[in-house]
Amino acid sequence: MKYKINEQSFIARIAAWNLRSTQMAIVIGNTIHLHNVSKKAFLDNKSWFRHELTHIQQFKSHGYICFVCKYLYESIKHGYHNNKYEIEARNAELNEDFFP
Ligand SMILES: [Zn+2]
């Protein structure tokens with residue numbers, strides 16, 4: 001899967017502040033934006049990496065605009081934790097067949 005990594009991302013910093021999280025990874029299109037975590041530490045954390053790769057796949061399969069709309073709709077309707085795209089990403093975290 002094609003992806004890019006943007007360390008010390010401003011977008012990820014805003015997201016971290018918004019979710020009151022010290023470290024953050026956020027996917028937009030095929031770019032993983034990181035805040036307060038190095039690229040190496042992120043890639044070494046397999047479950048976290050799989051989680052974010054799942055979001056890249058979701059962007060790809062739904063299309064950029066469609067996915068942003070669907071994701072926001074899910075978040076508003078069900079909240080961040082019960083957003084079906086977050087559930088799918090969490091389920092992929094420990095799946096070693098999925099992006100080993
Ligand atoms: Zn997620």
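The following conversation walks through a predicted protein model, from its overall build to single residues.

Trainee: Before we start, what kind of model is this, and how are its residues numbered?
Mentor: This is a predicted model, in which local features need pLDDT of at least 70, side-chain atom pairs count only at pLDDT 80 or more, and totals for chains, interfaces and linings use all residues. Side-chain values use heavy atoms, with hydrogens and water left out, and residues are numbered along each chain as its sequence is written, from 1.

Trainee: In what order do the elements of the protein run from the N terminus on?
Mentor: Helices (H or I, at least four residues) and strands (E, at least two) are DSSP runs, numbered from the N terminus. The protein has five helices and three strands. From the N terminus on, their order is β-α-β-β-α-α-α-α.

Trainee: What percentage of the residues of the protein count as buried?
Mentor: Buried means under 20% relative accessible area, exposed over 50%, and partly exposed in between, with a 1.4 Å probe and protein chains only. Of the 100 residues of the protein, the buried ones make up 35%.

Trainee: Why can we say that the buried residues of α1 line one face of the helix, and which residues are they?
Mentor: An α-helix has 3.6 residues a turn, so residues three or four places apart point the same way. Helix α1 covers residues 10-18, and on its other side F10, W17 and N18 are exposed. The arc is that of the directions from the helix axis to the C-beta atoms. The buried residues of α1 are A12, A15 and A16, and seen down the axis they fall within an arc of 100 degrees, so they line one face.

Trainee: Which strands are among the cover of the buried residues of α1?
Mentor: Contact means heavy atoms within 4.5 Å. What covers these residues includes two strands, β2 (24-28) and β3 (31-35).

Trainee: Which helices are among the cover of the buried residues of α5?
Mentor: In α5 (residues 84-92), the buried residues are Y85, E86, A89 and A92. They fall within an arc of 120 degrees seen down the axis, so they line one face of the helix. Their cover includes α3 and α4 (64-82).

Trainee: Is T54 buried or exposed, and what is its relative accessible area?
Mentor: T54 has its place in helix α3 (residues 46-62). It is buried, with a relative accessible area of 1%.

Trainee: Where is Q8 found, and what is its relative accessibility?
Mentor: Phi of Q8 is near 50 degrees, a positive value in a residue other than glycine. Q8 is found in the loop between β1 (4-6) and α1. Q8 counts as exposed, at a relative accessibility of 76%.

Trainee: In which loop does R20 lie?
Mentor: R20 is not a glycine, although it has a positive phi of about 50 degrees. R20 is exposed, with a relative accessible area of 75%, and it lies in the loop between α1 and β2.
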